[in-house]
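The sequence and structure come first.

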Amino acid sequence: MRLDHTAFYASLLLSRLADQLLLFVVPLVVFQVTQSAAWSGVAFFVETLPRFLFFPVCGALCDRVSPFRLLRTSQLLRAITCVLGSIASGLTGNVAWLVVVSAICGVLTTQGVMAREVMLPQVFRGFRTESVLAHAQIADQLGMVLGPLLAALALARWPWEAVLGITALLFVAADAAMKVWRSASSVQLVEPALAHPLQGIHWLQPYRTALTQVLQLQGLLPLIVLAAGVNLVIGVTLATSAAMMTGGLHQSTGDYAVLQTAGAIATVVILLAIARFSLPLRALGYFSFGCILLGGFATALSKWPMGYAIGFLMVVGFDKMFSVYIRTRRLQVIPAADLGKTTGLIVLLNNLTQPIAGLVVGLFAGQSNAAGVIVAMTIAMGILGGLSMLLSRIGR
């Protein structure tokens, strides 16, 4: 692989690794402190909601400001936030600082994700879209493989405040990799400010354009409904996994880390198959949706750790296959000039169901009813999938 491509994927890997540390530590530490699945769900809601709410803003910004500059800025600001949060939490000893840092970094992560999304078609111009997205998802998943292991090792030796310091170093390393990419790459990125001059443009216009495209471009609305259904199950699985494994199934923190790692490894294997073999796009969507649906029921209904693990692997393993399907379809439909603003709105609509699932867990799971909430979210996913099929037929 070329140096510039390696550096680009390395930056994505390091950034995801740092982000995964936060996502792993927050629900686990909150559950350990409170011994409540409900509070763990509330923490998940607080740390994930800002990530999704800011997608339209960050997407529109990528159509106005250099995405490369935005990406580097987001990584450096995340490092600074982690350092300040570590200092504040060390002085006060309050676990709330961990949630606050994760929420702030979540917004900055959203900006980084949108910047990379806009850059990908330019950086890998001429390559097969499914293969590029699969390789990007592999780098993303490798961060998820290493993140839980690194977090578990760090928490075993140091307080969680120290994990924030490690996270800051990883964000700095991710920014360094992007500097290497820029110096090694011959790609000339299109400057959004030249293609989209700011003069005379009302600040609401990008969002009006995005909403118009969502409603009028054929096939976009069914995709949004379908992804929203999948993210209900993804959200409830992420919000309850720590409580289900370490509480309901009486497994250790190490077992929970192994489960997270196994899920990421399964995803990497699936994505390698997508990158290597050319599979029908529609088959990717239908198959991954069905596997996630079955996995949701398995995590809720299984009374044994192995059964829960199988369901968990189905949910998280095929989530990224579904993501490749959704992202490829978006790139086929959305005009390149409006990719940032429209994708930002779509990702918001797709993913709002994740923090909603966490909030539902917080309101209704209590100490022992997490399984019932998972069943309800999985049924809702099936209903939304049926609605998506109906909308697709109406739009033809």
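## Aromatic cluster and other features

Phe-8, Tyr-9, Phe-68, Phe-124 and Trp-181 form one aromatic cluster. The model is predicted: local features need pLDDT of at least 70, side-chain atom pairs count only at pLDDT 80 or more, and totals for chains, interfaces and linings use all residues. Residues are numbered from 1 along each chain as its sequence is written, and side-chain values use heavy atoms, without hydrogens and water.

Rings of Phe, Tyr and Trp (its six-membered ring) pair if their centres lie within 6.5 Å; planes under 30 degrees apart are stacked, over 60 edge-to-face, and the rest tilted. The count by this rule is 9 aromatic pairs. Two of them are tabulated.

| Pair | Centre distance | Plane angle | Class |
|---|---|---|---|
| Phe-8 and Trp-181 | 5.8 Å | 65° | edge-to-face |
| Tyr-9 and Phe-124 | 5.2 Å | 20° | stacked |

Phe-8 in helix H1 (residues 3-34) and Trp-181 in helix H7 (residues 160-184) are 173 residues apart. Helices are DSSP runs (H or I, at least four residues), numbered from the N terminus. Buried means under 20% relative accessible area, exposed over 50%, and partly exposed in between (1.4 Å probe, protein chains only). Phe-8, at 1%, is buried, as is Trp-181, at 0%.

Ile-87 lies in helix H4 (residues 67-92) and is partly exposed, with a relative accessible area of 48%.

Terms used:
Helix = DSSP H or I, 4+ residues; strand = E, 2+ residues; numbered from the N terminus.
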